[in-house]
Amino acid sequence: MLSIKNLEAGYGKVKVLHGVSIEVPKGRVVTLIGSNGAGKTTTMKAISGMLAPSAGEITLGGKNIFGLESHRIARQGLAHSPEGRRVFPTLSVADNLLLGAFPRLTGSRARGDVQNDLERAMDLFPRLKERRQQQAGTLSGGEQQMLAMARAVMLNPDIILLDEPSMGLAPILVDEVFRIIRRLKEEGVTMLLVEQFAAAALAVADYGYVLENGRIAVQGPAEQLKTDPAVVAAYLGGGH
Ligand SMILES: Nc1ncnc2c1ncn2[C@@H]1O[C@H](COP(=O)(O)OP(=O)(O)OP(=O)(O)O)[C@@H](O)[C@H]1O
């Protein structure tokens, strides 16, 4: 499905990724873990076109998406729910969600029934359903984060990149986010997940990669990583 080979990217002259290779098979959840500054967000941005990668190969369903502009990559069926709360503050919750479907309406992908998808997104995110007419800018931070995630779902994508969906959320909302990820997985949605809660990410994922200083240091089935002494010591110790 999504195949990344020897990806290199950075900011100006500073190289952050030094040849990252990741495979995300169809229907699977793959997690990318690593400490602060390892390059997780940079990897996600380079895949979705928010940042222009400098070298490597990226294909989605066998088609090249390396170096394409982000809106073209979205049309190919890749949704990116970025870190932070990127919503349109003056629009309602429902209109934010409808905008999530926009790339697919203007692209070559099937239009599908947008209204149906809106109802499906509301069912997945009950908190948003209760607030569908509320201005997005007046939602709580956690709710805005959920809205950003729901908007990615609205693209009806082949794959969703989720960058720290639980960041800054109260514990009860973190549980809700993971419940939603689990449900999307049951529906067969392919996901690449970056998460600060490595244990929770490995519990939902099929496979994991550990990024250290812009390189993949360890990879393996999630079950295996959960008991890997180096991974446990660095990422699954107290507090995670
Ligand atoms: N816009 C930018 N300009 C310059 N350097 C940047 C920029 N964004 C990130 N970096 C640097 O790139 C490196 C990797 O950052 P990145 O955000 O990808 O890490 P991360 O693994 O996602 O970290 P975190 O878990 O803290 O979000 C860091 O050293 C960071 O300072």
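How many bridges join S3 to strand S9 (residues 207-212), and do they run parallel or antiparallel? I found 4 bridges, with the two strands running parallel. I take strands as DSSP runs of E with at least two residues and helices as runs of H or I with at least four, numbered from the N terminus. Two strands pair if DSSP finds at least two bridges between them.

**Ground rules.** I am reading a predicted model, in which local features need pLDDT of at least 70 and side-chain atom pairs count only at pLDDT 80 or more, while totals for chains, interfaces and linings use all residues. I number residues from 1 along each chain as its sequence is written.

**Strand S3.** I stayed with S3 (residues 29-33). Leucine 32 stands opposite tyrosine 209 in S9. I then looked at S8 (residues 190-194), which is joined to S3 by 4 bridges and runs parallel to it. There, threonine 31 stands opposite leucine 193. Next I checked burial (buried: 20 or more other C-beta atoms within 10 Å of the residue's own; exposed: 12 or fewer; partly exposed: in between; C-beta atoms placed from the backbone). Because 5 of the 5 residues of S3 are buried, the strand is largely enclosed by the rest of the structure. Val29, Thr31 and Ile33 point one way, Val30 and Leu32 the other.

**The antiparallel sheet.** I traced an open sheet of 4 strands, ordered S2-S1-S4-S5, with antiparallel pairing. S2 and S5 (63-64) are its edge strands, each pairing on one side only. I counted 5 bridges between S1 (residues 2-11) and S4 (residues 55-60). Serine 3 stands opposite threonine 59 in S4.

**Lysine 13.** I found lysine 13 in the loop between S1 and S2. It counts as exposed because it has 5 C-beta neighbours inside 10 Å. I also took its C-alpha to C-alpha distance to glycine 49: 18 Å in space, at 36 residues apart in sequence.

**Core.** Of its 65 residues, Leu147, Ala150, Met191, Leu192 and Leu193 touch the most other members. Helix H7 (residues 141-154) gives the most to this core, 8 residues. Beyond neighbours within four places in sequence, leucine 147 is in contact with Val87, Val93, Asn96, Leu128, Ala136 and Leu139.

**Whole chain.** I counted 11 helices and 10 strands in the protein chain. Of its 240 residues, 42% count as buried. Its C-alpha trace spans about 45 × 40 × 35 Å along the principal axes. Among contacts between residues at least 6 apart in sequence, 66% join residues at least 24 apart.

Notes:
Contact = placed C-beta atoms within 7 Å. Core = buried A, V, L, I, M, F, W, Y, C linked by C-beta atoms within 7 Å.
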